[in-house]
Amino acid sequence: MSEPAATQTIVIVGAGQAGGETASELRKQGFTGRIVLVGDETHVPYRRPPLSKAYLSGTATEESLYILPPAGMEKARIEFIGGVRAERIDRAARQLHLSDGRVLDYDKLVLATGGRARVLSLPGADRPNVFPLRSIADVQALRAHCLQGKSAVIVGGGFIGLEVAAVATKLGMKVTVLEGLPRVLARVTVPEVSAFFERIHREAGVDLRTGVQIAAFEGEPAVTHVLLGDGSRIAADFILAGIGQLPNVELAQQAGLAVDNGIVVDEYSRTADPDIYAAGDCANHPNEFYGCRLRLESVQNAMEQGRVVASALLGKPQVYNVVPWFWSDQYDLKLQMVGLSAGFDRMVVRGDFNSRAFAAFYLKEGRLIAADTVGRPQDFMFAKKLVAMRAVVDPQLLADEAVSLKTLLPAA
Amino acid sequence: MPTLTFLEPDGKAHVVETPAGVSVMEAATRNMVPGIIGECGGCCTCATCHVYIDQTWYGRLESADEMEQGMLEGAIEPGPLSRLCCQIKITDELDGLIARIPAGQL
């Protein structure tokens, strides 16, 4: 890879956090050629994490979500084409065909197409008061219904569902959360941490039900009730579906690029086509740290992989080797997670699951592989370092609140 | 509009004009100041907007809350003038603020 000339055009499909970060980083690293950012939303790149938190609750404005406001984009000479879909890649001609008929020539193409909210496939799920939550537009539609005294039924006890439950409860709504699995957050954490969040939500007044099946959404033209598998009914002014997302891989697939739970890329975020890269929620990368392929859905992944793509495009390839971390804000609590705990053989707890702060550490063969913390920012920060180092730690010291994790870091 | 100065570790200055009301992190990222990432978007969760506030300005800021102090402890090379700049809201009184960018955030 050699450094691209100023005459080169880099086209980025997807104006989310991965696409936006790729564009910014290209400029920060001195790329002087043309950058075109194509997004199917009309907005310039914006931060998605606040959508289910501060933006839904009304404490953050739309403007404040913008990573680079329109004036900043212009100043950085990042051309933004919004409200337009990328329809087809012509790899032989190195052209991208857009839904408005435009055809963009590219020297390099970055696929940062993200994901879309999974939709419920149940009778009545197509009614107008059943909402997904993925975009500014989704939240604007949802927010009009978030009024004191109204009843919200949230389908899915994942991060989105629980964050919306917290906001809606704070807004004075009657909130029900329905989870099909036996516990909330089942995909991301252990039963003890799930139980902690179930307790927090119930204490806040949420009617949280796990292991429930939904039979149908009833009411015309809008849903008025949710019918459960056991025959019971829950009144609803609206439904929020927080049941995960699907990666947007169709564009890559149609172009003949490999897709396997995301667009397949190598450690430098390149597809098999030397002119096409992918980053963010849509990309599936080989993770050296875990020794397997991963498709991550997180803002950290979007931004860090976006920067890896920019470096590779500029002839300075860096291996993408991330230790994933995630967070969630619910009520006054902040959950911070680092690493993937799957496969741990021992859990060590610092603090108390029955309080409002704890750290759960996950070990495998003596090494710290992951941690979930609530209200213990120091422990999170040092656990992040220890996980990245694959440090062998003494479980007794981990459990001892009097011991700062800093002292467990191997001497530099 | 308040003017802020960000200094790279080698002394290179980035002077940015910013409306009041946004955070120092947003002022930096919106002006493409290198070395300030703001991965979590400003909710005090990632410590990738760590800066060292100039001595003369440090005491004029509202002090860091418990959460920020906790995050700062685990930042890279924290010092007595360390702050997470997403937690500093820009006001007209902060016109002239100087912040030093650390050598690394990740």
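This briefing describes the overall build of chain A, one of its helices, one of its sheets, and the contact between chains A and B. The model is predicted. Chain A contains 11 helices and 26 strands. Chain B touches chain A through 15 of its residues, which meet 22 residues of chain A.

**Overall build of chain A**

- The radius of gyration of chain A is 22 Å, close to the 22 Å that the globule rule gives for 412 residues, so chain A is as compact as a globular protein of that length.
- Of the 412 residues in chain A, 46% are buried.

**Helix H9 of chain A**

- Helix H9 of chain A covers residues 299-313 and has 15 residues.
- The expected span of a helix is 1.5 Å times one less than its number of residues. For H9(A) this gives 21 Å, and the end C-alpha atoms are 21 Å apart, so the two values agree.
- H9(A) is mostly covered, with 15 of its 15 residues buried.
- Just after H9(A), A:Gly315 takes a positive phi of about 75°.
- In general, an α-helix has 3.6 residues a turn, so residues three or four places apart point the same way.

**A three-stranded sheet in chain A**

- In chain A, 3 strands form an open sheet in the order S4-S5-S6, with antiparallel pairing.
- The edge strands are S4 (86-90) and S6 (103-105) of chain A, and each pairs on one side only.
- From one strand to the next, the twist averages 20°.
- Strand S5 of chain A (residues 95-98) is joined to S6(A) by 3 bridges, and these two strands run antiparallel.
- A:His97 has A:Val103, in S6(A), as its bridge partner.

**Where chain B meets chain A**

- On chain B, 15 residues are in contact with 22 residues of chain A.
- Helix H1 (24-30) and helix H3 (66-73) of chain B each supply at least two residues of the side that touches chain A.
- H3(B) gives the largest share of that side, 4 residues.
- By type, the residues of the side of chain B that touches chain A divide into 7 nonpolar, 5 polar and 3 charged.

Methods
Residues numbered from 1 in each chain as written. Chains lettered and ligands numbered in written order. Predicted model: local features only at pLDDT ≥ 70, side-chain atom pairs only at ≥ 80, totals over all residues. Contact = placed C-beta atoms within 7 Å. Nonpolar A, V, L, I, M, F, W, Y, C, P; charged D, E, K, R; others polar. Buried ≥ 20, exposed ≤ 12 C-beta atoms within 10 Å, placed from the backbone. Rg over C-alpha atoms; globule rule 2.2 N^0.38 Å. Pairing = 2+ DSSP bridges. Axes fitted to C-alpha atoms, helices over the stretch in contact; angles between N-to-C directions.
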